[in-house]
Amino acid sequence: MKAMIIKELRLIGKDRRSFIFLLLMPIIFIVMFGSIFNQEGGSSITLRTVDQDQSSASKALIEQMKGIMDVKQLPTDHWEDQLDKIKQGQFSAMLVIPSGFEQSMKEGKASNIKLYQDPAAQTETAPIQAILGSISTSYREQKLTDLLMAKGDSKAQADAALASPIHIENVSTNSDHLNMIDQVVPGMTVMFVFFIMITMARRFFEEKKTGLLSRIRTTRIKPLHYLIGMWFPFVLTVIFQCVILFAFGHYVYDLKLGDIAALSAVVLSLSIAGTGIGLGLSFLVPGEGAAMVVTQIISMGGAMLGGLWVPSYLLPQSVQTIGHFLPQFWAQHSLLDIIAHGAHLGDIWGSALILLAFGLAGLTIALIRLPGFLRSAAN
Amino acid sequence: MVQVMIGAEPLHTPNSSNNDYMLEVNGLKKAYAKKQALENVNFSLRPGTSFGFLGPNGAGKSTTMKILTGIVKADSGSARLFGKDLTREPAAVSRFIGYVPQEITLYEKLSAYDNLLFFGEAYGVSGKELKQRIHDVLARTGLLERSKDIVSTFSGGMKRRINIAAALLHRPKLLILDEPTVGIDPQSRNHIFEMIRELNREGVTIIYSTHYMEEVEALCDEVAIMDQGSIKAMGPLGELLEQYGSNAIYLEVPGLAELPHDPDVTSYRKEGSGWLLETGSSAAVMQRLLRLASQHRWDVKQLEVVRPSLESVFLKVTGTALRD
């Protein structure tokens with residue numbers, strides 16, 4: 001068996017296709033999704049602004065907005081062309097500060113600034129309106145403070161008079177909502193773990209097709225030792241794959257790995273699940289082509305339904321329910337618990353056992369089908 | 001020495017308890033879904049024999065070898081090596097057998113050394129002893145300097161040599177080679193022949209399967225002619241040639257479309273640019289042919305007596321030429 005394991009590890013190490021599927025592709029996906037979500041995180045709300053007044057008051061207003069959102073100033077000439085871009089859906093809102101803005105303020109008149117917006121993009125424009133409303137309120141409060149102080153109140157008295165009777169306290173609690181990198185790194189790792197099934201099926205069919213399996217049967221290697229000797233290197237490969245991908249997430253995206261013991265337990269269970277199913281699949285399907293198709297269905301379908309691409313809570317309830325029957329769901333669920341919610345060994349053992357059960361089912365199928373597989377190899 | 005059989009009937013049956021025989025095969029039968037692959041195959045081998053299985057593709061040679069190596073199970077019959085049943089105690093006898101399959105069964109992405117390391121350990125050899133044996137077999141194959149090269153970079157002949165080397169690491173008593181020279185260059189073929197002869201000289205019993213008569217003639221001292229799942233004839237090469245082969249006369253006359261009947265000629269057939277006439281009275285037939293040549297002013301290019309060949313034996317035993 002030791003000979004089988006060493007030989008198989010050498011072969012896996014020389015397999016470029018496996019390297020692409022198991023390491024390169026998930027890293028590309030992590031980088032791709034990571035870049036997208038990082039950009040979104042850095043600029044929550046963007047507002048394009050045209051400052052026709054170019055006064056100190058208008059500049060102060062823009063500076064105030066910059067503290068809250070991403071403000072992109074547009075040139076004042078041909079600014080009407082920008083309206084067409086709103087109509088074309090290129091952006092959803094544009095603020096125009098008209099000439100005479102500062103003058104109106106000095107005269108105590110209402111300064112009329114215009115917010116052009118796409119009525120079809122209310123989700124995006126609503127926060128902008130809220131922010132602008134808040135800024136407008138702060139201007140009003142400043143005006144009232146000035147009035148009260150002019151009537152002889154102190155600053156503290158004026159602030160107390162304007163204080164809201166309601167105080168909202170922010171309290172953090174654990175929820176399903178996640179930082180997207182917390183979702184992407186384990187999601188892509190789990191998805192590409194199941195691609196090991198292609199490599200496994202390919203190796204078994206190669207052994208059979210080339211006559212190597214028949215030849216091995218003439219040696220002292222017993223069928224069960226052959227099976228374990230072929231399987232175990234893939235378990236090690238998946239563990240190695242997970243270590244590389246989580247290390248990549250940790251060092252490149254500052255992913256917090258949580259309890260390493262719990263993470264190791266899930267990775268081990270996941271590797272047994274993925275390779276166990278791969279083993280069962282290799283002995284069930286009639287050929288390498290069929291194995292490829294089934295692997296794609298299991299990997300991609302499982303990724304979609306198991307909440308690897310988008311958080312499970314965003315999926316329809318029916319899909320969430322289906323997800324509970326997939327190993328990907330339990331792997332992702334437990335990994336997110338560890339990474340995002342600080343779960344420990346005691347919290348994830350149930351998911352780990354479910355993953356092991358999937359692996360055991362695959363192993364059982366392989367054991368049942370092994371004699372037939374060996375017979376078919378003889379011919 | 002092997003027992004001689006005609007058709008499926010042995011001329012004499014060896015005593016199964018006779019210790020002279022290292023391998024005794026009795027009544028092997030095997031059927032696949034649409035074909036009776038083996039029909040009552042019997043043979044016995046003494047140690048040190050170089051035994052050739054000669055027959056066309058589909059004759060049952062590979063199936064016999066796969067049964068002997070435990071890859072395929074026989075439907076009935078028995079095969080005993082050193083008195084142990086090959087089908088019931090495969091683990092006990094596998095250490096005595098080295099098997100070289102028809103296909104090149106090596107890991108192409110691994111080096112020759114790593115392949116041999118794997119097969120050596122698979123046969124139960126390990127440590128320093130295995131390393132020494134790998135060195136020995138690589139030296140025997142003439143590939144010692146290429147040992148660290150990846151097998152996929154080897155020529156077909158080199159791969160065949162490593163394919164054989166992988167079966168030698170546990171020093172088997174019986175080496176079974178299933179068409180080990182298919183598709184290789186003459187140099188590699190000669191190298192393999194020399195390896196096999198050397199192993200045989202060292203006492204390794206050889207079973208060599210082929211459909212090339214010249215290989216059997218070059219390597220084997222005993223032959224079984226197989227066709228359609230059964231052994232049609234078997235025995236020492238000389239005896240088979242004596243028993244079934246007949247002298248022949250080769251005559252080459254340009255433009256000669258047919259030959260007059262001669263009562264001493266048993267068969268006429270076209271061979272190359274001339275005719276091959278099988279006869280038991282070559283001198284008399286030759287005399288008459290010379291007379292005819294003189295009468296009809298034949299432009300005789302070649303007229304000679306040809307020694308009996310394995311091909312003529314095969315033709316006589318099976319009724320077909322091997323290349324058919």
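Predicted model: local features only at pLDDT ≥ 70, side-chain atom pairs only at ≥ 80, totals over all residues.
Local features need pLDDT of at least 70 and side-chain atom pairs count only at pLDDT 80 or more, while totals for chains, interfaces and linings use all residues. Residues are numbered from 1 along each chain as written, chains are lettered from A and ligands numbered from 1 in the order written, and side-chain values use heavy atoms, without hydrogens and water.

**Domains and sheet**

Chain A is split into domain 1 (1–37 + 178–377) and domain 2 (47–170), with bounds from an automatic or database domain assignment. The centres of these two domains, taken over C-alpha atoms, are separated by 53 Å.

An open sheet of four strands in chain A has the order β2-β1-β3-β4, with mixed pairing. Its edge strands, β2 (70–74) and β4 (114–117), each pair on one side only. Direction ignored, neighbouring strands are turned by 25° against each other on average. Strands (E, at least two residues) and helices (H or I, at least four) are DSSP runs, numbered from the N terminus; two strands pair if DSSP finds at least two bridges between them. Strand β1 (residues 46–51) of chain A runs parallel to β2(A) and is joined to it by five bridges. Thr46(A) has Asp70(A) in β2(A) as its bridge partner.

Two helices of chain A pack on the sheet, where contact means heavy atoms within 4.5 Å. Helix α3 (residues 56–66) touches β1, β2 and β3 (93–97), and its direction makes about 175° with that of β1(A). Helix α4 (residues 80–87) touches β2, β3 and β4, at about 160° to the direction of β3(A). Axes are lines fitted to C-alpha atoms, for helices over the stretch in contact, and angles run from 0 to 180 degrees between N-to-C directions.

**Pockets**

On a 1 Å grid over the protein atoms alone, a pocket is an open set of points where a 1.4 Å probe fits, with protein on both sides within 12 Å along at least five of seven lines; lining residues have an atom within 4 Å of a point. Points are joined across faces, edges and corners, and the volume is the space filled by probe spheres set on them.

| Largest | about 820 Å³ | α16(A), five residues |

Among the 35 residues lining the largest pocket, Arg217(A), Pro223(A), Gly70(B), Ile71(B) and Pro90(B) are the closest to its centre. The second largest pocket is lined by 17 residues, and Met105(A), Ser111(A), Ser136(A), Tyr139(A) and Arg140(A) lie nearest its centre.
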